[in-house]
Amino acid sequence: MRFGFFPGCSQEGSSREYQESLREVASRLGIELAEIPDWNCCGATAAHTLNHRLALALPARTLALAEQAGLDEVVVPCSACYNRLAGTRHELLHDEALRQQITDIIEMNWHGATRILNVLEWLNRVAGELPGHVSAPFGHRVACYYGCYLTRPKALAACRRIEDPIEMDELVRAVGAEPIRWAYKVECCGAGLSVSRTESVARLSERIVSDAVERGAEAIVVACPMCHTNLDLRRDAILAAAPPGGRSRLASIPVLYISQVIGLAMGVSPRPLGLHRHHVPVRLSAAPPSVAPVAPGEGEE
Amino acid sequence: MPRIGVFICHCGENIGATVDCAAVAQAAGRLPGVVHAVDYKYMCSDPGQSLIKEAIREKRLTGVVVGACSPRMHEPTFRRACAEAGLNPFLCEMANLREHCSWVHEKGEVTTQKAIDLVRMLVEKVKRNRPLTPIRVPITKRALVLGGGIAGIQAALDIANAGHKVVLVERDPSIGGHMAQLSETFPTLDCSQCILTPRMVEVAQHPNITLYTYSELESLDGFIGNFRATIRKKARSVDESLCTGCGACIQKCAQKKIPSEFNAGLGRRTAIYVPFPQAVPNKPVIDRARCTYYKSGRCKLCEKACPTKAIRFDQEDELVTIDVGAVVVATGYDVKPTSFFPEYGYGEYKDVITGLQFERLASASGPTLGEIRRPSDNEVPKKIVFIACAGSRDPAKGIHYCSKICCMYTAKHAMLYSHKVHDGQAYVFYMDIRAGGKMYEEFVRRAVEEDHVRYVRGRVSRIYQKDGKLIVKGVDTLLNSRPVEVEADLVVLATAMTAQPDAEELAQKLKVSYDGDKFLNEAHPKLRPVEMNTAGIFVAGACQAPKDIPETVAQASGAASKVAGMFSRDELSREPVVAVVNRQPPPVWSTCVGCFLCETACAYQAIEREEIRGRDGSLIRTIAKVNESVCQGCGTCVALCRSKSIDLQGYTNEQVYAELLAL
Amino acid sequence: MAEYEPKIIAFVCNWCTYAGADLTGTSRIHYAPNVRVVRLPCTGRIDFMLILQAFGQGADGVIVSGCHPGDCHYTAGNFHARRRWMLFRRLLDFVGVDMRRVTFSWVSAAEGAKWAELVNSVVADVRKLGPYEEFPQRLGGPGQKPIEVA
Amino acid sequence: MELLRDKAKSLLKSGAVQVVIGYAAGSATDRFRPHFARSADEADRLVFGDGCRQNLAVYLLKPEVRAMGKAAVVGGPTTLRTLLQYAVENQVSDGSAVALALEDGRVEELTSFAAVEEYLAQRPHGLSEEDRAELEQHAGRSREDRWAYWSGELARCIRCYACRAACPLCYCEQCITENNQPQWVPVASDAFGNLEWNVVRAMHLAGRCVNCGSCAAACPQNIRIDLLNQVLAQEAMTQFGAEAGYSVRKEYALSVFKPDDKETFIR
C-alpha cells in the first residue's frame with residue numbers, strides 16, 4: 001500500500017513527533033508514505049483571510065503535484081492543512097469555472113483525481129490490521145480529544161457524528177486502551193489564539209484538561225498538532241489559570257498523538273515516537289515496561 | 001351536414017369598441033357549414049342566451065360558436081343555455097374575442113381579421129365535436145377512516161352523524177392516539193382525557209361506525225366511489241365477545257417489566273395489557289412478542305385467571321375486505337426520540353426526556369401519578385430545563401420545518417411544573433416563540449409573568465452529566481451572547497414532530513404522494529387543504545403536516561364534510577373530458593398494440609390492461625383501457641401514443657388538427 | 001408593399017398560459033396581433049407534429065407554452081412535454097429547421113405581462129428573420145404555391 | 001457455421017423451439033435472406049457471415065411466425081437489444097423466445113431476458129466511434145447546409161415505407177400514416193409529406209431505436225435515415241441516460257421524467 005503524504009509546516013517544526021510516530025506506525029504496517037515532491041505551504045489561516053483565490057491556488061498546486069506524481073490518496077496529518085486541501089478540492093470540483101481560473105493561475109492542470117485523507121480516515125482504512133500488530137496493549141484510560149477542524153465543516157468532516165465523534169475512540173480501543181465518556185470531545189481549546197491571547201487558550205484548555213482528569217483519564221489523545229500544542233505546550237498557562245487545589249494530576253496528565261498511542265501498543269520504544277519532545281513528560285503509571293520516563297528536552301537533536 | 005350557429009357578442013363596449021362585430025358575424029356567415037350568424041350587444045344576458053336557444057330550435061343547429069369573452073369565464077353559461085335548448089352542451093365552443101383580441105389590440109382591420117380567424121378556428125373545431133354526456137360513477141356510501149387519533153375520531157363522528165356508514169381502523173389496541181397521552185392541553189389547560197374520552201365512547205357506541213382496533217390497512221384498490229379495502233385484524237388472542245374487561249388477567253400476568261408504549265417508555269406494562277385505563281375498547285391484547293407462552297409454551301396464567309374463558313392463544317390474524325367510497329387518512333405523527341441528539345447524550349442520560357414523556361409524568365394516569373419526578377432516581381427536580389426546537393428548524397439534522405406546537409406545549413410544561421413544584425425553577429431555551437393561535441400569546445405571557453419561567457433566548461450546544469447533575473451549556477443571545485451554564489436536575493427536549501415511520505409504505509398502498517419529510521401531500525396548500533391528488537382520498541391531521549389539536553379537528557371536520565358532500569348524491573358526475581382507447585370490430589379489436597408506454601406516463605394510474613378473450617377463454621389480445629372515473633383529461637397519453645389509438649374527448653386529434661388547419 | 005407581418009401560431013395550456021393571456025387582457029396590456037392561440041388542456045397534450053403542421057400552414061414562428069414545472073394542474077403534464085421538446089428540438093435542428101422560429105416557454109396564470117412581452121419579442125425576432133420561405137407548405141394549405149406541372 | 005447448424009438441429013430435435021430464424025444464402029454470394037428452419041435439413045441451409053446484418057427479431061412479432069410456435073432468433077447484439085426492448089414494450093414475454101447470439105464464430109444460447117441482459121452488459125454500449133464521428137460531421141455543418149442536405153435527401157424519398165417494414169420496433173398494426181382522420185402525415189411524397197414522415201418515424205423511435213441499421217439498409221433510395229435515429233439516441237443518452245434495449249426494467253425515456261431535467265432553451 002502506498003499513500004501520498006503532505007507534512008506541511010507543523011510536521012517539520014512544532015510537532016515533528018507526530019510525523020515520526022506516523023512513519024513508525026506506517027512502516028510497521030508495510031505502508032509507504034511518499035512525500036509529495038516540491039509541495040508548498042497550504043496557506044492556512046493567513047491565506048484565506050486575505051485573498052480567496054490565493055487560498056485556493058496554494059493547495060491546488062499541491063493537489064496538482066500529487067496528481068502528477070500518481071498519488072491518488074494523500075494523508076495530511078495537520079487538520080488545518082487538511083481543511084485547506086480538502087476544502088479546495090471540494091470547491092474546485094463543484095465549480096468548473098473556478099477550477100478553470102485556479103488551474104490557469106498555477107499554470108498546472110488538475111482533474112480532481114486526488115483524494116485527501118486526514119490521519120483518522122487513514123487509520124480507519126487500516127484499523128482492521130491494528131490488533132494484529134499490537135504486542136503491548138496500551139492498557140490505559142484515555143480521553144480522546146477531536147477539537148474543531150476534524151469535525152467541521154460538515155461537508156468535509158472526517159467524522160460521521162460531528163457532535164459526538166467516535167473514530168478515535170474505536171482506534172484506541174483497537175489497541176487495548178479504554179476511551180472514557182467525557183464532555184469536552186469537540187469543545188474549543190482556543191486554537192489560533194495560542195500566541196496572541198494565551199490567557200484565553202489557558203482558560204478554555206484548562207476546562208478540557210480538568211474534565212479529562214476528573215473523569216480519571218490517564219492521558220489525552222489528539223490527532224491534530226494545534227490541539228497538542230495548546231493542551232501540552234501551554235500546560236504552565238493552564239496551571240496558572242486553574243483554580244487552586246487538585247493541580248498535581250492537572251500538571252502531569254500527558255497529551256499523546258493517536259499515532260504515538262498505536263506506536264507504543266506496537267511495542268515501538270518512546271524515542272523513535274518522539275515522546276521526548278513533549279513539554280509534559282510522558283509518565284504512565286503501571287504502563288508496560290517499554291515506556292521509560294524521559295526527561296523533557298533531553299536528547300534534542 | 002353540419003348546421004353551425006355563430007353568435008358574436010359586443011360585450012357592451014369591451015369587444016365592440018375595437019372589433020367590428022357585424023363584419024365578424026358577416027364573415028362567419030360565409031364560412032362553410034355556418035347556417036346562422038348574428039351579433040348582439042350582450043350575448044351572456046338573458047335575451048342574448050334566448051337568441052341562441054331560439055336559433056338552435058328554429059335552425060336545428062348541430063353546433064354553436066359564441067365569439068365573446070374567455071371560455072374560462074362563460075363556457076359553462078353558454079353550454080347550459082344550449083343544453084336547455086336541447087343541444088348537447090359539448091357541441092358549443094367559445095372564441096376568445098375579448099381577453100385575447102379586443103382588449104389587447106388597437107381598433108382596426110387587423111384586429112377584426114384576427115377576430116374572424118379566431119371564430120373560423122372554433123367553427124372548424126366544433127364541426128368535429130361529438131355529443132358527450134357527463135360520466136356517471138356509482139358511489140359506495142361508506143367511508144374508511146385510517147387512524148383513531150383525534151383526527152380520525154372527529155372525521156368518523158362527523159361522517160357518521162351525516163348518516164353514512166364509517167369503518168374506523170386503528171393500529172393500536174385502543175383509539176385515542178397521541179392526544180390520549182397528553183396531561184392538559186393548551187391554551188385552556190383543560191384535561192386532555194376529559195375532553196377526549198367522551199368522543200372515544202361516542203365512537204364505540206355510534207351505530208354507523210364499525211371500529212377495528214389493533215388492525216391495519218393491508219391493501220386498497222379501485223378508484224373514487226368504488227374503493228375495495230382489505231384490513232388485517234391482528235390477532236388480539238382475546239375473544240372480544242366474551243371478555244368483560246375485568247382486568248383479572250392483567251393482575252396475574254407474569255411479565256411485568258415491559259416498557260409501556262403509552263407511557264412513552266417511562267412506565268411498565270404486562271404482556272396482556274390495556275394501554276390506559278380509559279381505553280376504548282377496554283379489552284386487553286396479548287403482546288405475543290413479549291408473552292412467555294408464545295416464547296416457551298408455558299405460563300398461561302391469564303387463561304387460568306379469566307372468569308369468562310375469553311383467552312384464545314390460537315387466534316389468527318383475520319383479513320376483512322370492505323367496499324368504501326372514500327378514504328380519510330388520519331394516521332397522525334411521531335416524535336424524534338432523545339437518541340437522535342448526540343449533543344444531548346444520545347439518549348443515554350435517563351433524565352433527558354422528550355416532551356411526550358414529560359406529558360406522561362404530568363398526567364394523573366401516568367407512571368408517577370402526576371407528580372413531576374425524574375426517571376433516574378424518582379426525585380422531584382428542583383431545576384428543570386426545557387429545550388425548544390430540538391431537531392426542528394435544523395437543516396444539519398435534515399429537519400427544515402418548524403413543528404409548530406412545541407413552543408405552546410413547552411410553555412404549558414413549564415406552567416404545569418411551576419404549579420406542581422413551587423420551589424422549583426424552570427428554564428426554557430428557545431430561538432423564537434411561535435404562539436399564533438387564539439389565546440396562545442396570552443398563554444405564553446402567563447407562563448413568563450405569573451409562573452416566573454426563565455426564558456433564555458439561545459441554543460443549547462451540549463448537555464453532559466457531572467456528579468448526578470445535567471450541565472446544560474447554552475448561550476443567552478440577549479445578554480450580548482454570553483455563554484450560560486445551568487446545572488439542571490431534569491431536561492425536557494421539545495423534539496421534532498415527524499411523519500410516522502411507515503408513512504411512505506402507507507402512501508404507496510394508497511397511491512398518494514408525499515413530500516421529502518414523508519408528510520402526505522394535500523391537493524392544493526391553500527384551496528384544497530383536505531383533499532389529495534388521488535380523487536376520493538382525503539387527509540386530516542398531523543400526517544399531512546405538524547399541527548395542533550384545534551387545526552386537526554377543523555381539518556377532520558373539513559374532510560368529513562367533503563366526504564358527506566360526495567355521498568349526498570347517488571352518483572358522481574364528472575366532466576367527460578377524458579381519454580378513450582378506440583375500439584374496432586373484431587378481429588382487430590383496437591389499433592392499440594398493447595405497448596403500455598402510456599400506462600407508465602399516466603400520473604393518475606388511470607390506464608388499465610384489458611384482456612380480450614375469445615369465447616373459449618383463450619387470450620386474443622391485451623389492450624389499454626382508460627378508467628373514465630380516474631382519468632383527469634390531461635392528454636399526455638394521447639400525445640405519447642404512436643398509433644394515435646387513444647384520444648381525448650373534447651380535444652380530439654381531429655378537433656385540434658381542424659382548428660390548426662383553419663388558419 | 002405593406003410592412004411584412006409574420007404569422008405566429010401558439011399552442012398553450014388552458015390552466016396557466018391561456019389564463020395568463022386572459023390576465024394580459026384584463027390588465028389591458030397591448031401586444032402584437034400576429035399570434036393565433038390554440039387552447040389545449042395541458043402541454044402534455046401538445047403533439048410535436050402540431051409544430052411541423054403549423055409551419056406547413058404558413059406559420060413563420062411557433063410558440064409552445066404552459067405551466068412552470070411543479071405548477072401543472074395535472075401534476076406531470078409539463079414534465080413529459082419538456083422531455084419531448086428536448087428531443088424534438090435536437091432532431092429539428094439536426095435536420096436544419098430554423099430553431100430561432102420555435103419558442104418554448106413557461107407562462108403562469110399570473111404572468112400576464114410576460115405573455116405580452118413573449119409575443120412581442122417573438123414577433124419582432126421573426127419579423128427580422130422574414131417569412132419562412134424555405135419551409136415546404138402543406139398541399140392545399142393557405143401558403144401553398146400552385147404546383148407547376150412540367 | 002457448423003456450430004450454428006448443430007445448435008439449431010438440437011433445439012429443433014429437443015422441441016425447445018419449433019423454428020429457428022436465421023440467414024440462408026441469397027441470390028448472390030454476398031447477399032443473404034432470412035431463413036425459417038423448422039427441420040434438421042432446413043437447418044443445414046443456415047449460414048452466417050459478414051453480410052448478415054438484417055435484424056431478424058422483426059419476424060418475432062409477425063402473426064405467421066407466432067403461429068409456428070416458439071422461435072429461436074439468430075443475431076448480434078442489436079438483435080438481442082431488440083428482444084429486451086420488446087420486453088419493455090410488453091410484446092414478448094420472458095422465455096417465449098430463444099436468442100442465439102453469434103460473435104466471431106461462437107454461438108451462445110440465451111433463453112431468458114436476464115441472460116440477454118448479462119450478455120449485453122459485457123458488450124460496449126452506445127454509438128460506435130465511426131457513428132459518432134459521422135454524426136459530429138453532419139451536426140457540425142451550418143444550419144443552411146444541413147437544411148440543404150436534408151431537404152434534398154428527403155425530397156428523394158418515395159414513401160415506399162420499406163424502412164417501416166424493416167424496422168423491428170415499427171410494429172403498430174395501424175401506423176399513424178394510415179390515419180386519415182386527421183391526415184397527420186400527408187400521403188403525397190411532396191417535400192412537406194416526406195419531411196413530416198421522416199420526422200415522425202424518427203421521433204416515434206426516440207429512446208427505443210437499437211441502432212441495428214436495418215432501415216437505412218432497406219431504403220431503396222439509400223437515404224441515411226438512420227442518422228436521424230442516431231442523433232435522437234445520442235440525445236436521449238446525454239439528456240436522460242436512457243439507452244434502449246439494455247435492461248427490461250429501464251423505462252421508456254418519454255414515459256417517465258425527472259422533476260429537475262436540465263434544459264437551457266425554455267424561456
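Two residues are in contact if their C-beta atoms, placed from the backbone, lie within 7 Å. By this criterion Q555(B) touches A151(B), P529(B), V530(B), A540(B) and G541(B), not counting residues up to four places away in sequence. The model is predicted: local features need pLDDT of at least 70, side-chain atom pairs count only at pLDDT 80 or more, and totals for chains, interfaces and linings use all residues. Residues are numbered from 1 along each chain as its sequence is written, while chains are lettered from A and ligands numbered from 1 in the order in which they are written.

Q555(B) lies in helix α15 (residues 549-567) of chain B. Helices (H or I, at least four residues) and strands (E, at least two) are DSSP runs, numbered from the N terminus. Q555(B) is buried, because 26 other C-beta atoms lie within 10 Å. A residue is called buried if 20 or more other C-beta atoms lie within 10 Å of its own, exposed if 12 or fewer, and partly exposed in between. V539(B) is 16 residues from Q555(B) in sequence. In space the two are 8.0 Å apart, C-alpha to C-alpha.

Burial also marks out one helix of chain A. In helix α7 (residues 119-126) of chain A, the buried residues are V119(A), L120(A), W122(A) and L123(A). Seen down the axis of α7(A), they fall within an arc of 160°, so they line one face of the helix. The arc is that of the directions from the helix axis to the C-beta atoms. An α-helix has 3.6 residues a turn, so residues three or four places apart point the same way. The buried residues of α7(A) pack against several elements of chain A. Among these are the strands β1 (2-5), β3 (73-76) and β4 (115-118). The helices α2 (16-28), α9 (167-174) and α15 (258-265) are also among them.

Two packed helices are described by the angle between their axes and the distance between the axes. In chain B, helix α6 (residues 150-161) and helix α7 (residues 192-205) pack at an angle of about 50°, with their axes 10 Å apart. Axes are lines fitted to C-alpha atoms, for helices over the stretch in contact, and angles run from 0 to 180 degrees between N-to-C directions. The angle makes α6(B) oblique to α7(B). Angles under 35 degrees count as roughly parallel, over 145 as roughly antiparallel, 65 to 115 as roughly perpendicular and the rest as oblique. From α6(B), the contact is made by I150(B), I153(B), A156(B) and L157(B). From α7(B) come L196(B), R199(B), M200(B), E202(B) and V203(B). By class, the residues of this contact are 7 nonpolar, no polar and 2 charged. Ala, Val, Leu, Ile, Met, Phe, Trp, Tyr, Cys and Pro count as nonpolar, Asp, Glu, Lys and Arg as charged, and the others, Gly among them, as polar.

Contacts between chains were examined next. Of the 4 pairs of chains in contact, chains B and C share the most contacts. That contact takes 31 residues from chain C and 31 residues from chain B. On the side of chain C that touches chain B, α1 (17-26), β2 (35-40), α2 and α3 of chain C give two or more residues each. The largest share, 6 residues, comes from α1(C). This side divides into 16 nonpolar, 10 polar and 5 charged residues.

Chain C also meets chain D, with 31 residues of chain C in contact with 34 residues of chain D. Here α2 (48-56), α3 (77-95) and β4 (102-106) of chain C each supply at least two residues of the side that touches chain D. α3(C) gives the most, with 13 residues. The side of chain C that touches chain D has 17 nonpolar, 6 polar and 8 charged residues. No contact joins chain A and chain C, and their closest C-alpha atoms lie 24 Å apart. Chains A and D also have no contact, with their closest C-alpha atoms 17 Å apart.

Some backbone angles complete the description. The peptide bond from F186(B) to P187(B) is cis, with omega near -10°. P187(B) sits in the loop between β8 (184-185) and β9 (190-191) of chain B. The bond from V280(B) to P281(B) is cis, with omega near -5°. A44(A), in helix α3 (residues 44-50) of chain A, has a positive phi near 40°.
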